[in-house]
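Student: Hi! Could you walk me through this one while I have it open?
Tutor: Happy to, let's take it topic by topic.

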Amino acid sequence: MIFDAPVIAPARGLDPAWLDYNGHLNMAYYNVLFDKGVDHVFELLGCGPGYLAERNLSFFTAEAHVCYVRELKPDARVSVNTRLMDFDAKRIHLFQELMHVDGWLSATCEAMLLHIDMTGPRTTPMPDDVVANVGRMAEAHRRLPRPERAGRSVGITRKPAHQTG
């Protein structure tokens with residue numbers, strides 16, 4: 001299996017119900033768009049909708065950091081680019097960019113996903129076939145430059161107070 005680098009989900013429009021009173025996409029629905037991008041990736045990895053039904057396994061998001069860069073208006077068409085940054089037996093680290101079809105960046109999302117055995121639910125190692133697919137995707141994405149916004153944290157940056165002698 002050969003993976004695009006990054007994986008690009010099909011372009012789509014915005015649901016009018018997702019717009020807020022300011023006339024642009026409500027912040028919660030950026031997460032919906034990012035999640036749809038993850039769904040596209042999981043289909044490629046062999047752990048899409050049938051994965052839960054067939055194996056009683058799934059993925060949960062443990063942490064996500066969204067940066068809102070440029071607002072989306074009602075007529076926007078967007079796609080989600082997803083990069084696999086890292087993984088181990090139980091975790092996948094993704095970085096996503098929400099791109100307007102005109103080529104500009106609207107938002108980014110960096111997320112850590114946990115592989116889950118739904119009988120617990122509890123974390124569990126991914127099956128060998130899924131790990132192999134994730135490894136192939138990671139190898140395809142390894143050549144991509146590190147995203148500028150990856151690894152950010154939330155906080156107020158303060159300059160050190162001026163000290164007098």
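**Salt bridges, cores and rings**

Student: How many salt bridges does the count come to?
Tutor: Six salt bridges, taking a salt bridge as a side-chain nitrogen of Lys or Arg within 4 Å of a carboxyl oxygen of Asp or Glu. Before we go on, this is a predicted model, where local features need pLDDT of at least 70, side-chain atom pairs count only at pLDDT 80 or more, and totals for chains, interfaces and linings use all residues. Residues are numbered from 1 along each chain as its sequence is written, and side-chain values use heavy atoms, with hydrogens and water left out.

Student: Which residue forms a salt bridge with Arg 55?
Tutor: Asp 129 does, with the closest N and O atoms 2.7 Å apart. Arg 55 sits in helix α2 (residues 49–55) and Asp 129 in helix α3 (residues 128–141), so the pair ties together parts that are 74 residues apart in sequence. Helices (H or I, at least four residues) and strands (E, at least two) are DSSP runs, numbered from the N terminus.

Student: Which residue meets Glu 139 in a salt bridge?
Tutor: Arg 142, at 3.1 Å from N to O. Arg 142 is exposed, with a relative accessible area of 56%, while Glu 139 counts as partly exposed at 49%.

Student: Switching to the inside: how many residues has the largest nonpolar core?
Tutor: It has 20 residues, and Phe 42, Leu 45, Phe 59 and Ile 92 have the most contacts inside it. The elements giving two or more residues to this core are α1 (27–45), β3 (57–68), β5 (91–100) and α3. The largest share, five residues, comes from α3. A nonpolar core here is a set of buried Ala, Val, Leu, Ile, Met, Phe, Trp, Tyr and Cys residues joined through side-chain atoms within 4.5 Å.

Student: And what does Ile 92 touch?
Tutor: Leaving out residues up to four places away in sequence, Ile 92 touches several residues, including Phe 42, Phe 59, Leu 84, Met 112 and Val 134. Contact means heavy atoms within 4.5 Å.

Student: Back to α1: which of its residues are buried?
Tutor: Tyr 30, Leu 33, Phe 34, Gly 37, Val 38, Val 41, Phe 42 and Leu 45. An α-helix has 3.6 residues a turn, so residues three or four places apart point the same way.

Student: What comes just after α1?
Tutor: Gly 46, which takes a positive phi of about 90°.

Student: Now rings. How many aromatic pairs are there?
Tutor: Four. Rings of Phe, Tyr and Trp (its six-membered ring) pair if their centres lie within 6.5 Å; planes under 30 degrees apart count as stacked, over 60 as edge-to-face and the rest as tilted. Trp 18 and Tyr 29 are a stacked pair, 5.3 Å centre to centre with 10° between the planes. Trp 18 is buried, with a relative accessible area of 10%, whereas Tyr 29 is partly exposed at 27%. Phe 42 and Phe 59 are also stacked, at 4.6 Å centre to centre and 25° between the planes. That pair links helix α1 to strand β3, 17 residues apart.

Student: Which residues do ring pairs link into a cluster?
Tutor: Phe 42, Tyr 51 and Phe 59.

Conventions: Buried means under 20% relative accessible area, exposed over 50%, partly exposed in between (1.4 Å probe, protein chains only).
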